[in-house]
Amino acid sequence: MLKATLRSFLAHKGRLLLSALAVVLSVAFVAGSLIFSDTVTRTFDRLFASTSADVTVEPKQDLKSSVPTGATETVPAALAGQVAKVAGVASTHADVSVENIVVVDSRNKSVGPTTGAPTIATDWYLTDRSPVKLTSGHAPQGASEALLDADTADNKHVKIGDTLTVQAQPGSFKVQIVGIATFTTTNPGAALVFLDPATAKDQLLGAPDRATSISVDAAKGVDDAVLKQRVTAAIDSAGTYDIKTADEQAKSAAADLGGFLDVIKYVMLGFAGIAVLVGVFLIVNTFSMLIAQRTRELGLLRALGADRKQVRRSVLTEALLLGLVGSTLGLAAGIGLAAGLIKLMTAFGMNLKTTEMVVGWPTPVAAYVVGVGVTFVAAYLPARRAATVSPMAALADAEVAGVGRPLKVRAVVGSIVGAIGVAALAGCAAATSTASSSSLLGLGIVLTLIATVIAGPLLVRPMIRVLGGAFPALFGSVGRMSQRNALRNPRRTGATAAALMVGLALVGGMSVASASMSKSFDQQIDKTLGADFVIQNGNFLPFSKEVTDHVRATQGVGLVVRARFAPLAVRLPDGRRVETTAAGYDTPLDDVAHIKYAQGSTSSALAAGHLAMDVDFAKKHGVRIGSVLPVEFPGGRTTRLTVGALSDQGASGGFGTQGGLFFGIATVEKYVPTGQDSSLYVNAASGTGADQLRTALETTLKPYPQVQVRDQADYKKLVHDQIAVLLYLVYALLGLAIVIAVLGVVNTLALSVVERTREIGLLRAIGLGRRQLRRMIRLESVVIAVFGAVLGLGLGLVWGVCAQQVLALQGMTALAIPWTTIVAVVIGSAVVGIVAALLPALRASRMNVLAAIAHE
Amino acid sequence: MSTSTAEHSPGRAAADRIAARARQLTKAYGSGETAVLALDSVDVDIARGRFTAVMGPSGSGKSTLMHCLAGLDTVSAGQVWLGDTEITGLKDRELTRLRRDRIGFMFQSFNLIPTLNAAENITLPMDIAGQKPDQKWLDQVIDTLGLRDRLKHRPSQLSGGQQQRVACARALASRPELIFADEPTGNLDSRAGLEVLGFLRNAVDDLGQTVVMVTHDPGAAAHSDLVIFLGDGRIVDEMERPTAEGVLERMKRFDLTRSAFDGAAENTSDVTLDKD
């Protein structure tokens, strides 16, 4: 029996090829993402482990802002001296390292990374832990000398002797590059500027007696943990600082980076998931078709005495072989994929080395579990069907298995699952809390997807009658035959289209959701933004005070309202302590923004010692006008603020903040003293035109390439672009889903062509031309693809509308349906159909007429 | 042996009375020493307006002869004409068009496209060509074959005999110059078979069509005007106004010669495309 199985596997290897490809793709993405993240994690673990001081003293980071504030927390530099006296300390150093800077060259171009990685200015203090070494020039001395890292110098064409401007929080200053420092370890992608230690304190922190951390070297034989305890006992009885051993420091640094790496990992796993999901359809379909074709052969095996179990096992063994081969190739492809990603990271400035690639044992295990598991599960149903082939099938001119079986079970199960799914979706649209509605949405999406897959074959007849309805009129008998061929085996057509459906449903849903988000933001901007211009950093990072000063001094500027952010924790009357981020504004806020209040006004909200919050949030936590709330700010600063106004914006502020808290900018300046402005709302002085002001502002801001002047339209575009990034990811997923779905369509058509060999021979004999034959197959492919697209987009639209209902609870009240995208996708799916039909059609048209007629 | 074929050929009618013609038609399978001749320099004329049967034992080359005359198969040597058109050397596209417009086909089985109903199957060659069928002629064919109330049926809803009648109607529908029928009764019971043969006879007698039928059934051959006997790739005999007994007698003589030349004959039968 095993011999027969092996023979059969080898005999059908051509037909299994496409299924194997689907397995390879999914395994490759799983393996690739694991290898990549393992490699990156190990590289950075090593980097942080080798660069962390034995013990580090840092300011406490209890309140982390979800919106950058531009503030740098510091410790007294004198701590270094105190710690040096602790027993077991070999040496200490007061470090300065800030990220809230921008460095521009003489042509006002930023030399920072364009990838979102930070520009870091730090003091030049070489130890054996330093990640860099001086490779040319000399160490910086005095206030006007600096070093630059070699990668940045290369990328931005900065040479020794060039002058750069460093825009730091206390103010801008010019430095001359006197040397180049080269990374001896992995460069994580940041741009590094090194200054003389005294200069660093003065210019970067604006305080010669402060430091951002104290690094402590242990004397020989002193354990890090022991030293940490001693240092804590000596300087930090009050718990003001964060004191970490090298291990702890490396871990927390890795955790900071981990968020970014997790995103990559999840994206990759998303691809793997899509590949697996679509691949399953392909494999199920392939095995169903192979078994249908082999009905007589299986009947013969049964007639010769093989029992059902043996037949089933034989099919499953074939699946197992397919899974093994696919997984092995997929693992290899995954290594390639990881290597490609590592190369890509290098292009983004993160110098990983492919030679240090890590393939941990879980990677091959996961690869084989996914590959073999998926194939096995997908082949299980077809295998069971194979086992039910009766021995009589060997004798009879058997009807192809599976065609005639009634679809009743599918109808029943499909409608039950579908009904529950629709109910869940209706529930999510009606629900009032975000948490319950998003879980209902998830449930509804999964169930309606399953229901559509199950009931797909039932929809084939009515839908293809309509979609291909014009074919006979347009393409005559060729069109008629192609339409009817698509209707011939609804199960097969349904399963083939389902593969395409899954991807397109996802796209449909996401594009409705994102179009709705864009429209909602537009409405929000229209409703609230009253300023002529908004001046902001492209990625919402705060900017130096000089920018504000220059803008204020610009000719034609009438009014400037600053916005700053402050992380805080507020204790509410119901006992809850909520950590969030609040905004601070200048008093004439009403001139640049339209804020609706349930109670109070802008002046009562921004008054000294007062704050405002969202009315719904306030109600939920028992806050009323006049409530006095204890508020904690970073660095242990605390105060009590009185609720002066309740806003009714209908939406929370977004950006992960909650409560919609805001107050006068003076409060931020007082409690986050090193903060920077995040946005400036600018109105023109009377008599100054908008264009005139814009030109003036742009001229003023030339030395600050990081900030841009935006009017309402620009601002909307910025928001759209940010949403578009999300869409690009979805389109990439769609691309993969389509590739696999195309494989599925190719597979189905190729096997159908083989099945219909005699029919094709007959058609050719009675005069069907090769071109007409190709057209017939192409049209069948197109109608299947469009069927899948219509089904998927229909489902996606429903999902998108429901998702919008969920988002509406967060303020995304507008619904937009991107019809152009949808029409484009339908047209695209027809093209996909044509592409998928290329090879099968060619193959059919090359068939020898006589051999085809004689085909058994 | 091959020299005598010209005299045996039924080419006595005038040139315009010839529907199809082959000269020195040779078809070899394989090459070099292993080459096997399915047709060996065959000369044949198919008379217009007559019912010609091609007979011969398995492997005699009768199906190959039909395939070559119908433009389904390429020839190794020699020439074939359909009417005045030489079809040897035509390109695939021209051959396809020729089959579509000028030849009708009936095969032993799998004659109809399962997704099309009877009416659609009948007009398929004309639909493919984008031509309107001659409705009067079509009605006449449909009525002659008694298919009026079966037109909306799919092939799976028709009996074997009905299916062959639909195939016959399709072959007649475009009023082709020549109808080739390859074992049209092979899969039918005797009653249905007789019916189909009757229709082919009618097509010649009443509708003026030309039919060439390949068969190994002497009873079927007896419906024709002329039987051509093939043996080992050559025309070995012919019989005008045949009877079933006469054909059977002639066929028996093949069995005798065959046993005499056992080895050689068997070689041939192994490789020809004959399916019986």
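**Ground rules**

I count residues from 1 along each chain as its sequence is written, and chains are lettered from A and ligands numbered from 1 in the order in which they are written. Since the model is predicted, I take local features only at pLDDT of at least 70 and side-chain atom pairs only at pLDDT 80 or more, while totals for chains, interfaces and linings use all residues.

**Entry 1: chain A overall**

I started with confidence, using pLDDT (the predictor's confidence in each residue, from 0 to 100). Chain A has a mean pLDDT of 84, and 95% of its residues reach 70 or more.

Residues 398–402 have pLDDT below 50, and beyond near neighbours in sequence they have 16 contacts in the model. Residues 652–656 stay under 50 too, with 10 contacts beyond four places in sequence. A contact means that two C-beta atoms, placed from the backbone, lie within 7 Å.

Next I wrote down the build of chain A. I found 24 helices and 24 strands, and the C-alpha trace spans about 95 × 65 × 55 Å along its principal axes. Of the 856 residues, 48% count as buried. My cut-offs: buried is 20 or more other C-beta atoms within 10 Å of a residue's own, exposed is 12 or fewer, and partly exposed is in between, with C-beta atoms placed from the backbone. Among contacts between residues at least 6 apart in sequence, 84% join residues at least 24 apart.

**Entry 2: two helices of chain A**

I looked at how α11 (residues 408–430) of chain A meets α22 (residues 770–808) of chain A. They pack at an angle of about 30 degrees, with axes 7 Å apart. Axes are lines fitted to C-alpha atoms, for helices over the stretch in contact, and angles run from 0 to 180 degrees between N-to-C directions. So α11(A) is roughly parallel to α22(A); the classes are under 35 degrees for roughly parallel, over 145 for roughly antiparallel, 65 to 115 for roughly perpendicular, and oblique for the rest.

Which residues make the contact? From α11(A) I listed L425(A), C428(A) and A429(A), and from α22(A) V798(A), C802(A), Q805(A) and V806(A). By class that is six nonpolar, one polar and no charged residues. Nonpolar covers Ala, Val, Leu, Ile, Met, Phe, Trp, Tyr, Cys and Pro, charged covers Asp, Glu, Lys and Arg, and polar covers the others, Gly among them.

**Entry 3: where the chains touch**

I found 25 residues of chain B in contact with 22 residues of chain A. On the chain B side, α3 (92–102) and α5 (124–129) each supply at least two residues, and α3(B) gives the largest share, six residues. That side divides into 11 nonpolar, five polar and nine charged residues.

**Entry 4: a sheet in chain B**

Six strands of chain B form an open, mixed sheet in the order β6-β7-β8-β3-β9-β10. The edges are β6 (103–106) and β10 (234–240), each pairing on one side only. Pairing needs at least two DSSP bridges between the strands.

I followed β7 (residues 178–182) of chain B. Four bridges join β7(B) to β6(B), running parallel, with F105(B) opposite F180(B) and M106(B) partnered with A181(B). β7(B) also pairs in the parallel sense with β8 (residues 211–214) of chain B over four bridges, and there D182(B) stands opposite V214(B).

Is β7(B) buried or exposed? Five of its five residues are buried: L178(B), F180(B) and D182(B) on one side, I179(B) and A181(B) on the other.

Most residues other than glycine have a negative phi. R175(B), in the loop between α7 (160–173) and β7 of chain B, has a positive phi near 50 degrees. E183(B), in the loop between β7 and α8 (190–205) of chain B, has a positive phi of about 50 degrees. R175(B) counts as partly exposed because it has 16 C-beta neighbours inside 10 Å, whereas E183(B) has 23 and so counts as buried.
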